[in-house]
Amino acid sequence: MQARKKYVLLGLCTCCWLLLFYWGGLQERLLGFLARHRNEVPRPWPDWLDRALLPAYVEPGKLEGSGGAGESPQQRRQAWASIYKDSRCRMETCFDFGRCRGRDGFRVYMYPPEKGERVSESYRKILASVAESRYYTADPREACLFVLGIDTLDRDQLSAQFVSNVDERIRGYPLWNDGRNHVIFNLYSGTWPNYTEDLGFNVGQAILAKASPNTEHFRPGFDVSIPLFSKDHPQKGGERGWLLRNSVPPRRKYLLMFKGKRYLTGIGSDTRNALHHIHNGKDIVSLTTCRHGKDWEKHKDTRCDHDNQEYERFDYRELLQNSTFCLVPRGRRLGSFRFLESLQAACIPVLLSNGWELPFSDVIQWNQAVIEGDERLLLQVPSTVRAVGIDRVLALRQRTQMLWDAYFSSVDKIVLTTLEIIKDRVYAHISRNKLMWNALPGGLLVLPEYSTHLAHYPFYYLNLGVSTGQEFTAVIHATSPLVSQSQPIMKLLQVVSKSKYCSQIIIVWNSEKPPPQRSKWPPMPVPLIVTDGRRKVSTSSRFLPHAAIETEAVLSLDEDTVLLTSEVNFAFLVWRGFPERIVGYPPRSHFWDPVKKLWGYTSKWTNEYSVVLTGAAFYHRYYHHLFSHYLAPSLRALVDRTSNCEDILMNFLVSSVTHLPPIKVAQRKQYKELPGPQSTNMAPWANPEHFNQRQECVDTFASWFGYMPLVHSQLRLDPVLFKDHVSVLRKKYKDLERA
């Protein structure tokens with residue numbers, strides 16, 4: 001029975017197929033007969049890329065701004081291939097990894113600019129960032145990567161910044177090697193009217209660090225997309241994001257805004273000419289102006305006068321600050337200055353730039369910070385942004401601030417992010433993962449040479465759902481010879497070793513005399529390691545990433561620090577709740593001197609502080625690695641030359657990473673920093689020059705960072721029932737209240 005049903009079904013299917021074939025063939029023959037009878041050819045569906053056919057379907061005036069639409073995708077690919085003969089380059093095929101495998105590692109050489117060379121302000125900043133980076137080398141034999149001294153940022157032949165004869169000049173470089181291991185920075189490519197991606201010279205096998213690249217031409221895993229930034233973009237530091245606090249609900253006065261140029265002709269005009277359709281003057285403000293360029297009046301249309309008048313009614317900065325979403329339509333090129341401006345203002349970017357490879361797209365998850373629209377579906381944008389929920393708005397807004405501060409607020413960060421992305425490709429086995437790039441504090445401050453495990457850093461405990469370690473390592477910086485068993489360091493060793501959380505004690509011996517034998521040190525319940533630092537006597541050696549440190553927490557101590565075991569225990573428990581910050585006792589502060597126009601330093605005991613001295617403080621051991629490998633050698637040289645300011649520099653570093661102040665904990669009132677009675681040298685803080693040096697250090701460090709990272713705080717954490725009028729039997733840390 002079942003077999004009969006199968007045969008019947010198969011027969012029906014065969015009949016249907018024959019009928020379709022017969023009637024389809026008959027219809028085709030009939031149409032052919034009618035066409036021959038009328039001596040006509042059936043009119044096919046129009047080819048929208050054929051400009052000869054377009055006038056029959058659209059109004060002639062609508063074709064004016066199509067800019068390059070006559071090229072088919074195949075023609076565009078052929079044009080691209082003629083410009084970039086190595087368009088299929090990948091790191092495996094066009095990069096010499098052998099140059100990066102030596103003892104010098106990832107080093108970057110910058111060609112010196114030729115005499116009389118014209119260099120734009122933006123490219124000068126890029127070169128300065130490379131020269132000041134920790135990867136720079138003046139010896140090309142050590143280099144893994146090369147940066148041209150020729151300004152290649154603006155390749156628009158109509159621009160005053162255009163540099164000619166680049167092809168001939170780079171071929172004359174003995175190290176050019178068809179561009180292999182070179183990186184070329186570019187902001188503007190092509191020229192009027194089509195603004196193609198032609199740079200005017202053959203880049204060969206060089207990596208392109210380019211603004212506004214098209215996904216069709218972008219070489220994933222090889223090129224780097226960078227943001228379009230103006231010549232006024234700061235070299236260092238940069239202005240912080242505008243989001244100071246989140247309001248709930250997060251909606252602002254305007255839902256959606258745009259204010260910018262409207263192109264009357266040429267590429268990019270179609271998108272911006274249509275923006276007026278979504279303007280309602282209430283919660284959606286979309287303003288354009290025709291008043292730009294030399295001959296705008298020759299091309300002005302009937303809307304220009306009204307648009308120009310409406311354009312002047314609104315202030316751009318006020319719109320940025322009071323809008324939830326910001327339209328970022330394409331300009332002449334795919335990228336726009338509006339992109340970085342929106343990120344900084346915490347105005348969620350709504351992109352209308354089809355085919356744009358977003359900046360640093362290899363590592364940044366842009367779907368967590370922007371909304372990508374479609375130029376062809378402009379009228380759907382208002383309903384799309386209205387449908388975004390409050391929770392999503394808050395998350396997007398916070399992510400814009402994180403990305404702005406981490407990667408885009410200065411030219412330094414843009415250049416360093418480019419170099420770090422390339423470095424991660426070269427050393428893929430010790431590269432950053434996506435969470436490191438897309439979570440605070442950002443990829444630039446997470447050095448994968450330290451570890452590839454997230455749990456080894458102080459920033460990801462909450463993400464991973466793990467807690468900090470249960471023990472700490474005490475690191476004592478000793479500079480005085482051991483001549484008596486009554487010296488403060490002896491008592492300090494006893495106090496610290498009695499802590500139930502102490503795992504080991506390391507003494508960094510920086511005295512001119514050799515360290516004493518182990519028998520001279522008091523017996524202790526924890527291991528004692530003495531590191532002889534006399535081979536390189538330096539103040540900053542206390543923050544070297546000592547291999548002997550096995551715990552996450554480090555208790556940094558001066559040899560003459562006076563503490564109680566209960567103080568140590570309480571501070572450690574506080575640190576476990578804030579592992580990314582410095583937690584300690586003696587506070588200091590900074591201030592701005594409006595007369596001298598300099599940053600200053602004060603040791604006055606007030607309710608406000610911004611520095612916790614590392615003579616008695618807890619912090620994560622990762623900061624030893626950052627101090628030694630992230631900071632400029634010139635800063636550490638200043639510390640060693642003056643034998644001063646290392647504690648201030650560590651506070652600068654940690655606050656720049658966290659954007660948070662240190663934490664001061666309760667201490668006994670009589671706590672003092674006292675010189676050792678057997679010390680042969682005068683205590684440094686007794687020297688009048690010591691305080692002046694610290695004043696200068698604060699200003700020097702702020703100059704290097706490009707801004708003041710220190711943050712003031714009035715918070716002090718005390719034990720429960722601290723100084724309350726209750727029985728001492730109910731207090732866990734009763735020793736802290738004794739005079």
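A residue is taken as buried when its relative accessible area is under 20%, as exposed when over 50% and as partly exposed in between, with a 1.4 Å probe and protein chains only. The structure is a predicted model, in which local features need pLDDT of at least 70 and side-chain atom pairs count only at pLDDT 80 or more, whereas totals for chains, interfaces and linings use all residues. Residues are numbered from 1 along each chain as its sequence is written, and side-chain values use heavy atoms, with hydrogens and water left out.

The mean pLDDT, the predictor's confidence in each residue on a scale from 0 to 100, is 85 for the protein chain, and 85% of its residues reach 70 or more. Over residues 26-31 the pLDDT falls below 50, and this stretch has zero contacts (heavy atoms within 4.5 Å) beyond near neighbours in sequence. Residues 33-70 also have pLDDT below 50, but 31 contacts beyond near neighbours in sequence are present in the model for this stretch. Where pLDDT is low, the predicted coordinates should not be read in detail.

With a disulfide defined as a pair of cysteine sulfur atoms within 2.5 Å, the count comes to five, and the bonded cysteines, counted along the chain, follow the pattern 1-2, 3-4, 5-6, 7-8, 9-10. One of these joins C89 and C94, whose sulfur atoms lie 2.0 Å apart; this link is left-handed, with -80° about the S-S bond, and both C89 and C94 are buried. In the disulfide of C100 and C144 the sulfur atoms are 1.8 Å apart, and the torsion about the S-S bond is about 65°, so this link is right-handed. It connects distant parts of the chain, 44 residues apart, with C100 in the loop between α3 (91-94) and β1 (108-110) and C144 in the loop between β2 (136-137) and β3 (145-147); helices (H or I, at least four residues) and strands (E, at least two) are DSSP runs numbered from the N terminus. C100 is buried at a relative accessible area of 1%, and C144 is buried at 0%.

The sulfur atoms of C290 and C304 are 2.2 Å apart in a further disulfide, which is left-handed with -95° about the S-S bond. C290 lies in the loop between β8 (284-289) and α7 (296-299), and C304 in helix α8 (residues 304-311), 14 residues apart; both cysteines are buried.
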